[in-house]
Amino acid sequence: MVAVTLAKDRYLENFDRFARVSAGSGQEWLGLVRQAAIARFAELGFPTIRDEDWRFTNVAPIAQASFARANGSGAELSPRDIDQFAVPGLVGPQLVFVNGRYAPRLSSPGSLSDGATVSSLAQAFTDARTVLEPHLARYADYARDGFTALNTAFMEDGGFVYVPRGRVIEAPIRLLYVSTETADPIVTHPRNVIVLEEDSQAVIVEEYVTLGAEVYFSNVVTEVVVGQNSVLSHYLIERDSEQAFNVSTLRVQQGRSSNVASHTVLLGGALVRNNVHPVMAGEGSECLINGLFMATGRQHMDNFMRVEHASPHCDSRQFYNGILDGRSHGVFSGRIIVHKDAQKTDAKQTNKNLLLSEEAQIDSKPQLEIYADDVKCTHGATIGQMDEGAIFYLRSRGIAEDAARALLLFGFANESLERMKVGPIRKYLEALVTQWLPQGKLVEES
Amino acid sequence: MGPNGSGKSTLAQVLAGRETYEVTRGEVLYEGKNLLEMAPEERACEGVFMAFQYPVEIPGVSSAQFLKAALNAIRRARGLEELDAMEFLALVKQKFKVLGVDEKLLHRSVNEGFSGGEKKRNEIFQMALLEPRLCILDETDSGLDIDALKIVASGVNGLRSPGRAILVITHYQRLLNYIIPDYVHVLVDGRIVRSGGKELALELEEKGYALIEGGAGAAAPGRR
């Protein structure tokens with residue numbers, strides 16, 4: 001317990017200096033938000049397993065570790081160094097962040113016409129205050145969650161996307177976060193703010209990768225505001241180092257008749273917490289929450305869904321597939337909250353898990369909180385091994401047993417990828433998933 | 001043919017190599033080799049094909065991926081060059097045409113969301129593509145409407161050739177209006193109790209199995 005207090009105190013001690021020197025430090029409105037957030041963090045601290053929402057995930061390794069602040073290291077990277085993270089066939093604006101800081105030399109924001117903006121958050125603090133101020137920290141609730149409070153206090157950079165009314169941006173906008181080797185393990189607090197005004201459309205791809213970094217902590221918050229009748233797809237691809245910590249919160253505020261798809265693929269990290277929290281605030285909105293998590297070794301991946309139906313006639317669909325090997329531990333908590341006035345809600349949730357080893361573990365916890373009386377909510381979870389009947393079917397067609405198993409595993413993962421509409425991203429993920437599979441080569445060869 | 005529980009599907013599964021069955025005695029000679037010593041995939045590569053009574057759904061694996069993997073595994077075993085994506089597509093499309101299968105099938109997951117008839121038709125399509133030498137149809141006609149039945153039958157008839165044996169397991173005479181059998185065997189309690197030509201199927205249809213079962217004791221004296 002002493003250690004926990006120390007780590008928390010260190011954040012608190014560092015705050016004053018941070019608030020003076022960080023991006024946007026001259027702006028009073030931002031200063032007030034950060035102040036309020038650090039005050040709340042001082043009260044909340046880090047969650048423990050006594051907290052119901054964190055029952056299966058012990059964040060002591062984060063709470064007890066002493067992470068340094070990023071000091072601008074990695075700035076020497078050249079575009080060549082990040083070639084390996086290119087998505088073949090993907091054309092569109094790309095912002096690259098190295099150790100949490102925007103790296104203009106590695107980025108290609110492009111120039112969007114008609115008032116659409118893709119920039120770093122640090123720049124938006126000054127350039128886009130009128131868009132930012134009404135939304136920043138209004139949805140991601142730092143009063144409730146220590147990690148969000150910590151991010152809000154220390155937020156400094158990240159992706160900022162603004163799509164004005166009626167504008168359709170077809171090219172996916174990619175936010176690539178690269179962690180490089182640093183003298184001491186560092187913590188970053190990436191903050192992404194995506195604002196889609198009425199009747200607009202965009203695709204955001206958020207990705208976390210490592211370039212030699214081993215132990216580090218990314219504490220991410222992405223706030224998304226989707227205006228009336230707007231369409232947004234969000235991809236989160238997490239492939240941190242196997243010793244890294246990643247806590248990521250996606251908070252989506254949906255307007256009337258909006259349509260949101262959230263796709264998550266977790267492949268890396270020692271301890272990963274993936275919070276997805278859409279609030280369907282406007283009538284007739286739709287939300288697809290699609291995820292795949294694949295863990296092995298001693299990886300821990302916790303997926304925490306909180307889907308709020310706050311208006312009538314909204315549809316939500318959750319599909320999460322998990323593959324757990326080695327001594328890994330997966331968690332899926334799927335909470336659906338149907339507010340009092342959210343009549344005609346149609347909510348569906350499916351979590352399927354494959355355990356590939358004796359020691360792998362999964363906790364799956366569906367939860368329905370329903371306060372309206374005319375709703376349709378279903379949930380289901382399965383935990384199992386591979387379907388021997390399906391293996392026999394493949395073998396009876398001439399496919400060798402190891403290849404049959406590899407193909408089936410691929411298929412299980414691919415169920416999630418098939419729901420993704422951006423072809424190059426899907427192909428990119430197919431390759432990453434295939435690489436991950438114990439016998440992935442056999443899938444490629446078949 | 002044979003009544004429920006007589007062992008027809010068991011026979012099919014054992015021939016295909018289903019591991020949930022343990023064969024305690026005897027051997028199954030196929031082209032001079034003992035099938036029972038082979039893994040299911042080896043049997044397939046040797047030319048054994050079973051059309052499943054309940055084809056398995058495989059979400060996330062496209063039919064194209066599955067069929068190409070199967071076809072190339074069998075081609076490798078036969079010492080033939082593997083087909084690349086283009087060659088494979090050309091071959092599949094040609095076979096699709098013959099059987100009147102929609103090309104969209106290729107992009108769908110194997111059997112997923114298929115109706116019963118579509119699944120059965122898919123089995124026949126796989127059979128046509130893989131060109132086995134021993135085809136075993138395990139109640140492929142069960143639950144099919146007359147249109148689906150005709151498609152399945154025409155698929156089977158298209159494959160009939162002197163170099164290929166086809167074992168059709170069925171409860172119903174109806175299929176045999178479209179697939180005219182050379183021989184009819186009646187299996188009761190794990191034994192063939194009667195064999196004959198196509199007339200035997202008609203006789204069964206008329207009189208039922210009771211009569212044959214009654215006489216089975218004499219045909220199989222070892223039976224209790």
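Ring pairs join A:Tyr11, A:Phe15, A:Phe18, A:Phe41, A:Phe46, A:Trp54, A:Phe67, A:Phe147, A:Phe154, A:Phe217 and A:Phe245 into a cluster. Rings of Phe, Tyr and Trp (its six-membered ring) are paired if their centres lie within 6.5 Å; planes under 30 degrees apart are called stacked, those over 60 edge-to-face, and the rest tilted. The structure is a predicted model, in which local features need pLDDT of at least 70 and side-chain atom pairs count only at pLDDT 80 or more, while totals for chains, interfaces and linings use all residues; side-chain values use heavy atoms, with hydrogens and water left out. Residues are numbered from 1 along each chain as its sequence is written, and chains are lettered from A and ligands numbered from 1 in the order in which they are written.

Over all chains, 21 aromatic pairs are found. The pair of A:Trp54 and A:Phe147 is tilted, because the planes stand at 35°, with the ring centres 5.4 Å apart. This pair links distant parts of the chain, 93 residues apart: A:Trp54 is in the loop between helix H2 (28-44) and helix H3 (60-63) of chain A, and A:Phe147 is in helix H6 (residues 146-154) of chain A. Helices (H or I, at least four residues) and strands (E, at least two) are DSSP runs, numbered from the N terminus. Both A:Trp54 and A:Phe147 are buried, where buried means under 20% relative accessible area, exposed over 50%, and partly exposed in between (1.4 Å probe, protein chains only). The rings of A:Phe97 and A:Tyr177 are stacked, since their planes are at 10°, with centres 4.5 Å apart. A:Phe97 lies in strand E2 (residues 94-98) and A:Tyr177 in strand E6 (residues 173-180) of chain A, 80 residues apart. A:Phe97 is buried at a relative accessible area of 0%, and A:Tyr177 is buried at 4%.

A:Trp54 also has A:Arg273 over the face of its ring, 3.6 Å from the ring centre. The criterion is NZ of Lys or CZ of Arg within 6 Å of the ring centre and within 35 degrees of the ring normal. A:Arg397 likewise lies over the face of A:Tyr393, at 5.0 Å from the ring centre.

A:His189 is placed in the loop between strand E7 (186-188) and strand E8 (191-196) of chain A, and is buried at 9% relative accessibility. Its side chain makes a polar contact of 3.2 Å with that of A:Asn219. A polar contact is a pair of N or O atoms within 3.5 Å; within protein, one must be able to donate a hydrogen and the other to accept it, and residues adjacent in sequence count only if both atoms are side-chain atoms. Beyond four places in sequence, the residues in contact with A:His189 (heavy atoms within 4.5 Å) include A:Tyr11, A:Phe154 and A:Asn219.

In chain B, B:Ser62 belongs to strand E4 (residues 58-62) and is buried at 19% relative accessible area. A polar atom of the B:Ser62 side chain lies 3.1 Å from the backbone nitrogen of B:Gln65. Between the chains, 34 residues of chain B contact 23 residues of chain A. The buried area (accessible area, 1.4 Å probe, that two parts lose on being put together, summed over both) is about 2,200 Å², with 63% from carbon and sulfur atoms. B:Glu41, B:Gly60 and B:Gln65 lose the most area in chain B, together 22% of what that side buries.
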